[in-house]
Amino acid sequence: MHQSRSLLLSIAVASFGLIGVALYLQHGLDLLPCPLCVIQRYLFLAIGIAALVGAYIPKPKLGAGVALLAALGGLYTAGKHLYVLANPGLSCGIDPVETFLNKIPTATYLPFLFKADGLCEDATAPWFGLSIPQWAFLWFALFTIALAWALIRRSRA
């Protein structure tokens, strides 16, 4: 039980840390987030919140399950982002998704965090060897593996 809680807390801290990295890239390096980047931010926050709640409730399996669903959604979104980058004819640029995302109350009240106003193509510059969507995919994959392992381990215990 203690190991599951420690794992969930570690995942929560890592997820919130990745949001901090995203804010640094946006405000420190002037890399504006595209709609897919903003969706990934929501999913990293969902993972972090679910993992944090799961670490403190009597049944951590519930928090781990919700975080796992968010991580799987993140894998899909980051995979789509990589697909868009691999196929230059496609774009996630200014489209109805961006308009929808920018109308959500969190984007209205926290535009520094959730306003989509960049293009997917801007995220291709390597950052420590990988593009930003590749890093996101890697982290979502790590979270998915860790959460699935925690759920499988808990169900056998």
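This is a predicted model: local features need pLDDT of at least 70, side-chain atom pairs count only at pLDDT 80 or more; totals for chains, interfaces and linings use all residues.
Okay, hi everyone. Residues are numbered from 1 along each chain as its sequence is written, and side-chain values use heavy atoms, with hydrogens and water left out.

Let's start with the overall layout. The chain has seven helices and zero strands, so if you read along the sequence you get α-α-α-α-α-α-α. When I say helix, I mean a DSSP run of H or I with at least four residues; a strand would be a run of E with at least two, and the numbering goes from the N terminus.

Now, what does the record say? UniProt, in an unreviewed entry, places the feature "transmembrane region" at residues 7-27, 39-57, 62-79 and 132-152. Those positions are in the numbering used here, the feature names are shortened, and such annotations may be inferred rather than shown by experiment. Take two of those stretches in the model. Residues 39-57 are 95% helix and 0% strand, with the end C-alpha atoms 27 Å apart. Residues 62-79 come out at 100% helix and 0% strand, and there the end C-alpha atoms are 26 Å apart.

On to what's inside. Of the 157 residues in the chain, 40% count as buried. Buried means under 20% relative accessible area, exposed means over 50%, and partly exposed is in between, using a 1.4 Å probe and protein chains only.

So which residues have the most contacts inside the largest nonpolar core? They are I11, F44, I47, F140, F143 and L147, in a core of 33 residues. A nonpolar core here is a set of buried Ala, Val, Leu, Ile, Met, Phe, Trp, Tyr and Cys residues joined through side-chain atoms within 4.5 Å. At least two residues of this core come from each of α1 (2-28), α2 (35-56), α3 (60-86), α6 (111-114) and α7 (132-156). The helix giving the most is α2, with eight residues.

Let's zoom in on F44. Skipping residues up to four places away in sequence, F44 touches S15, L18, I19, A136, W139, F140 and F143. By touching, or contact, I mean heavy atoms within 4.5 Å.

Q40 is also in helix α2. Is Q40 buried or exposed? It counts as buried, because its relative accessibility is 4%. Leaving aside neighbours within four places in sequence, Q40 is in contact with T77, A78, H81, A136 and F140.

Next, hop over to helix α7, where you'll find T144 and A146. T144 is buried at 12% relative accessible area, and A146 is buried too, at 19%. Beyond residues up to four places away in sequence, T144 touches L68, A71, L72 and L75, whereas A146 touches L7 and I11. I like that last pair: A146 and I11 are 135 residues apart in sequence, yet 8.5 Å apart in space, C-alpha to C-alpha. For the chain overall, among contacts between residues at least 6 apart in sequence, 82% join residues at least 24 apart.

Now the outside. The accessible surface comes to about 8500 Å², and 72% of that belongs to carbon and sulfur atoms. Accessible areas come from the Shrake-Rupley method with a 1.4 Å probe, and for residues only the protein chains shown count as cover.

There's a nonpolar patch on that surface, made of F16, I49, L52, V53 and Y56, with about 480 Å² of accessible area together. Patch residues have over 30% relative accessible area and no salt bridge; like charges are joined within 9 Å, and nonpolar side chains (Val, Leu, Ile, Met, Phe, Trp, Tyr) within 5 Å. A salt bridge, for the record, is a side-chain nitrogen of Lys or Arg within 4 Å of a carboxyl oxygen of Asp or Glu. Once again α2 gives the most, with four residues. F16 is in helix α1, and F16 is partly exposed, at 34% relative accessible area.

Last stop: the loop between α1 and α2. D30 sits there, and D30 counts as exposed, because its relative accessibility is 62%. The phi of D30 is near 55°, a positive value in a residue other than glycine. L29 is in that loop as well, partly exposed at 37%. Not counting residues up to four places away in sequence, L29 touches Y24 and W127.

That's me done, thanks!
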